[in-house]
Amino acid sequence: MDFTTVVKERYSCKKYSDKKVESEKLNEILEAGRLAPTAKNLQEQHIYVAQSEKALAIIDEVTPCRYNASTVLVVAYDKTNVYTYPNSEKQSGAEDATIVATHMLLAAKNAGVESCWVNCFDPEALKEKLNLPENEEIVMLLDLGYPTESSMTSPNYGKRKDINETVSYI
């Protein structure tokens, strides 16, 4: 699939079938995240692949937004290994993890796997329940799977502001 088609056809799937994501496709998606750029190439991201009944049950405890996905990627980063902007307290961890997640989201669509970016959860509660390292911070969850036959895009899918409302030349 060409890139423009991937971007145009990707949507947030909210109704997954029981079909599992094949390991080859999952590896392709994870590799796209591994290749994503990060500030100073620190690669502080850590991706946890939740596929076991136990891990998915934990995710279901903290969010109603798994939508029966067979795989959920927990995207985190190491808070002790981030770039700090000059003359600032701002750090690159969350934005780098977001770039990684976006690469994986687009790679999923390219591989024929649907996804949903999930931020409706308590990251600290999930971190505790999954027993993740103290130095890591969870940024988001990425549901992965195959849609049910009745799955559809949301009513506002494809509605975008005119480019003149979101882009300015200075």
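Start with the aromatic pairs: a search of the whole structure finds two. Rings of Phe, Tyr and Trp (its six-membered ring) pair if their centres lie within 6.5 Å; planes under 30 degrees apart count as stacked, over 60 as edge-to-face and the rest as tilted. This is a predicted model, where local features need pLDDT of at least 70, side-chain atom pairs count only at pLDDT 80 or more, and totals for chains, interfaces and linings use all residues. Residues are numbered from 1 along each chain as its sequence is written, and side-chain values use heavy atoms, with hydrogens and water left out.

Select Tyr11 and Tyr157. Their ring centres are 6.3 Å apart and their planes are at 85 degrees, so this pair is edge-to-face. The two residues are 146 residues apart: Tyr11 is in the loop between helix H1 (3-9) and helix H2 (23-34), and Tyr157 is in the loop between strand E4 (136-145) and helix H6 (163-166). Helices (H or I, at least four residues) and strands (E, at least two) are DSSP runs, numbered from the N terminus. Tyr11 is buried at 10% relative accessible area, while Tyr157 is partly exposed at 32%. Buried means under 20% relative accessible area, exposed over 50%, and partly exposed in between (1.4 Å probe, protein chains only).

Next, select Tyr83 and Tyr85. This pair is tilted, with 5.7 Å centre to centre and 55 degrees between the planes.

Select Met104: residues it touches (heavy atoms within 4.5 Å) include Ile29, Ile47 and Leu142, not counting residues up to four places away in sequence.

Finish with Asn131, in the loop between helix H5 (123-130) and E4. Asn131 has a positive phi of about 60 degrees although it is not a glycine, and Asn131 is exposed at 67% relative accessible area.
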